[in-house]
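Subject: Structure handover and notes

Hello,

Here is the structure for your review. My notes follow below it.

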Amino acid sequence: MVEEERAPVILQFAPFQSAVDEGFWRRLSSLKLDTLGIDQSPITITGKFELNLFAGFYSPCSHPQVSNHLTLLPESLPPEPGEESSSSAAAAVSRGNRNRCPVPGTLYNTNTLESYYALDKQSLLKAEARKIWEDISSGKAEEESAVLSRFLLISFADLKKWSFHYWFAFPALVLDPPATLIDLKPASQCFTLEEAESLSAACNEWRNSSLTADVPFFLVTIASDSHATIWPLRDWAACQGDGQKLLFGFYDPCHLPNNPGWPLRNFLALICLRWNMEKVRFLCYREKHGFADLGLSLVGEALVSVPQGWKDPHCVPNAVGWELNRGKKVSRCISLRQSMDPTRLAISAADLNLKLMRWRALPSLNLNNLSSIKCLLLGAGTLGCQVARMLMAWGVRKITLLDSGRVAMSNPVRQSLYTFEDCLNGGNMKAMAAVNSLERILPAVEAEGIVMAIPMPGHPVSTQEENSVLEDCRHLQDLITSHDAVFLLTDTRESRWLPTLLCANSNRITITAALGFDSYVVMRHGAGPLNYSSDIKSEGEETLSAQMGNLSTGGTDERLRLGCYFCNDVVAPIDSTANRTLDQQCTVTRPGIAPIASAIAVELLVGILHHPDGMLAPGEIATSHSGSSEQPLGILPHQIRGSLSQYSQMTLVGHSSNSCTACCSTVVSEYRRRGMDFVLQAINHPTYLEDLTGLTELMKSTSSFEVDWDDETDENDNDGI
Amino acid sequence: MDICSSWDGTLSSSDFRVAATTLSKKWKVINPVFPPWTWVPCPRRPFWVASSDSEVDGYLSLENFYQLSSNEVGHRCSIETQALNNLVDVLCSYKSSPAKEELVNCGKEEPVDNATLVQSDDQEMHFYDFHIVYSNSYRVPVLYFRGYQSDGQLLALDEIERDLPLNSLKILRESKWTFMTQEEHPYLNRPWYTLHPCGTSEWMKLLFLGGDSQTKDGPTIQQQYLVSWLSVVGQAVGLRIPLEMINNSCPLYPVNSVTLSNEVND
């Protein structure tokens, strides 16, 4: 009062701040999907739909440094279909919740970003302000004070990107001239001790009764005997006694010591319009630890005057209230991709198991190696399907499947990537059907299908076919050099010859799985016999296996190379399907064999990837006592042979043969020298390879050639589908 | 339940409820500054799993636990300076991110209103919600949590890690039993971050068997379990709990007479 000549201080209100729970956007998304559909043109003429929200929520400020926000929760929206019952119960619970004072609101959700931008925000705000104005004029606001605060939300839900554009408004009627401040200070400085105690007690009682806990506007009287009473607005008349102090109280979400919060604005409008007050004492009610705190609460005194024109019944006052975004008038955007994009969720969920494995059991597990390695699967049958699945389980994401066949009716029960639908209309190409299936299993997989037959020795080609066969050979060569690991999973022995040669030439990790009726062999091929310099231009130059191959190029001392699938054979591959009965051709194996062999093949790959020597690692033999290997994944064998008839399995080592028809240096050198001519000759002349490698000589000189296990499983030429 | 050497460190679901009640009460008494732990009943159980103890269904929830990125961190849930600086860095880079905000032609400008307080830059805050959910598979409590900015934008794992005090990061990196993963919240069916429970029973067993022997009138395992569990797990996520919480001499409310619902918030 000392500075009365000073210009009047305009009372400034701290704007409401919005907060939207992630769950709100989720429910809005499903609501939109259920009611509007995502790809359809706008259903309503205006291209938007309007929802009367149940409510946003707020509560009095409860922290000296943090304002409370107006919060939208999933419960702010109508319940999703199918959960009506439970959420109606939830709605019943939420009434009278002291932490959730409802604020009525309206949502305009547009169908396109363009229409979102095109919304006439001023008119929308004005329409909301009109509702407040009418509720004040009609007296409804005195009965149900929650309608004094309202909010408006415009939004565009981009459900394909899981992003939400939105903008809040908290409409406030503008007093013109604005209210001026006489005094504002902590409530604790405005009362006697007795008054303060009584006021706190009354407030706490109000806040703890389920009838009044969520009623945000109220009247406070303090009688001359210091007794404080809190009244709902409708009891205005009862508060008019002489000799008592009257305060207009409201739940203040704001924490600032020098400003009241936003809800006071419309309250002041009501006070001056309905009750013709000019000097208003107000109480900004704030809490601490769930109880009234008069140190944080403010008591202020303001001068208000009814703006000209408000007396006109048709008038709607100006309104303000669009929320600023970091001080600017811009829309907000929130992205929930991370928690809503199912593809992302599937990836992180699939990786979780591997991560757990790494954390708990195998700290050295290299998940990056697994997810970056490129695997080529030759054959998409029983073995190919199962190997692909196992690879995905290990976190391998780059898988190429090569097969020339179609899905037959007999396939789906054994070949785990196919279903009945794949067999219809002549059957889909296996390579493509397998890729589709992998993508359905995990959308993040990078799978590719190649429809191609592998040229085979003993299957002579006519001159007309020559070009296309050579084209296939080159294609296969490119595929192998552009992958890190190759699985040989075809159903004949001779179809493995060319891939074995190409892998030996370019030092790729190569794993073979082959099946008999109730037995299997799984083996990793040794490194190639010659240094692999990238003279064949390939994009695989820096691939994993090339790096691993380079490990060997330094040393000159010949380590014993591990053998390949053909190293122990004394005959070159020939047509193994000719002159066979049907059940021998479509090798009927016990159904459990292929999954066992496939799983072992993939485990073998993972073992190679985690061995410091990679594909050069010497073959290890299982011993009776465990823990003999220093590798966390255990031993890394060369070959695993097993039989279901005895439920037995053993590990073997076989070194490379100098007369191998697929991987010896003679063959690889000849291939390097003559390229496709060599391949063509091998394909067309069955004895050429044997002559070249000296096998013919060898057979002449040796009457019997037997490897110790061969008497047990001699079904190499009886490979599974 | 008495502690004996054969105890495997797990908790039954009904004991979990008892422990939850104790934790909630103790928290409120010792820690009134923090938001409370509130029991959230979950009636949404599929009808075919109706069980006799269906009232146990639910979880403990502590929400709106905030971390200020300002320097006026006078309260106890403040974050340490280094993490704070990191946080400030994040927020600065985040502000300049163009994806976050966009201009909208608003046509007619809102009338100038000098009664609106123009606040200087808003304090950037990160809020955290913590839920303690009982895992039927592991028979232990599991902590689920999420962090978000004041506008509701969820925090990514690396942002959360930057909020954590250094010793929490140390625990997360070096300890075998704690690692954060994103998993579906069992009741809310949205992805939340969680500390995987696979080691919980083991270290809980160590915690109880290795600690002081319980006196006869001391709190039982069911009562003490969650408090002890939280004292360990909370450290990993920056939710520190006062020593008094763990102290057995702290008076316990009679657990049977307490119902948890509609607790006051802060």
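Which backbone oxygen does the side chain of A:Arg524 reach at 3.2 Å? The backbone oxygen of A:Leu636.

First, the ground rules. This is a predicted model, in which local features need pLDDT of at least 70 and side-chain atom pairs count only at pLDDT 80 or more, while totals for chains, interfaces and linings use all residues. Residues are numbered from 1 along each chain as its sequence is written, chains are lettered from A and ligands numbered from 1 in the order in which they are written, and side-chain values use heavy atoms, with hydrogens and water left out.

**A:Arg524 and strand 23**

A:Arg524 belongs to strand 23 (residues 519-524) of chain A. Helices (H or I, at least four residues) and strands (E, at least two) are DSSP runs, numbered from the N terminus. A:Arg524 is buried but has no salt bridge. Its nearest side chain of opposite charge is A:Glu620, 6.3 Å away. For charge, Lys and Arg count as positive and Asp and Glu as negative; His and the chain ends are not counted. Buried means under 20% relative accessible area, exposed over 50%, and partly exposed in between (1.4 Å probe, protein chains only). A salt bridge is a side-chain nitrogen of Lys or Arg within 4 Å of a carboxyl oxygen of Asp or Glu.

Strand 23 of chain A is mostly covered, with six of its six residues buried. A:Ser519, A:Val521 and A:Met523 point one way. A:Tyr520, A:Val522 and A:Arg524 point the other way. In a regular strand the side chains alternate between the two faces of the sheet.

Strand 23 of chain A has these pairings. Strands pair if DSSP finds at least two bridges between them. Strand 22 (residues 509-515) of chain A joins strand 23 of chain A through five bridges, antiparallel. These two strands form a hairpin with three residues between them. A:Tyr520 is the bridge partner of A:Leu515. Strand 24 (residues 639-643) of chain A also pairs with strand 23 of chain A, antiparallel, over five bridges. There, A:Gly642 is the bridge partner of A:Tyr520.

**The seven-strand sheet in chain A**

An open sheet has the strand order 1-8-15-12-11-9-10, with mixed pairing. Its edge strands are strand 1 (9-10) and strand 10 (228-231) of chain A, each pairing on one side only. Strand 1 of chain A meets strand 8 of chain A in the antiparallel sense, over two bridges. A:Val9 stands opposite A:Leu181 there.

Strand 15 (residues 298-303) of chain A is mostly covered: five of its six residues are buried. Strand 8 (residues 180-186) of chain A runs antiparallel to strand 15 of chain A, with six bridges. A:Pro186 stands opposite A:Leu298. Strand 12 (residues 279-285) of chain A is also antiparallel to strand 15 of chain A, again with six bridges. Here A:Lys279 stands opposite A:Leu303.

**Salt bridges**

How many salt bridges does the structure hold over all chains? The count is 25.

One of them is A:Glu22 with B:Arg190, the closest N and O atoms being 3.5 Å apart. This pair crosses between chains, from helix 1 (residues 22-35) of chain A to the loop between strand 6 (180-184) and strand 7 (191-195) of chain B. A:Glu22 and B:Arg190 are both buried.

A:Arg274 and A:Glu142 meet at 2.6 Å, N to O. They link distant parts of the chain: helix 7 (residues 263-274) and helix 5 (residues 140-143) of chain A, 132 residues apart. A:Arg274 counts as partly exposed because its relative accessibility is 35%. A:Glu142, at 13%, counts as buried.

A:Glu471 and A:Arg474 pair at 3.8 Å between the closest N and O atoms. Both lie in helix 14 (residues 463-481) of chain A, three residues apart, about one turn of the helix.

**Chain B**

Chain B has seven helices and seven strands. Of its 266 residues, 55% count as buried. Among contacts (heavy atoms within 4.5 Å) between residues at least 6 apart in sequence, 67% join residues at least 24 apart.

Best regards

How values were computed. Polar contact = N/O pair within 3.5 Å; in protein donor to acceptor, adjacent residues only side chain to side chain.
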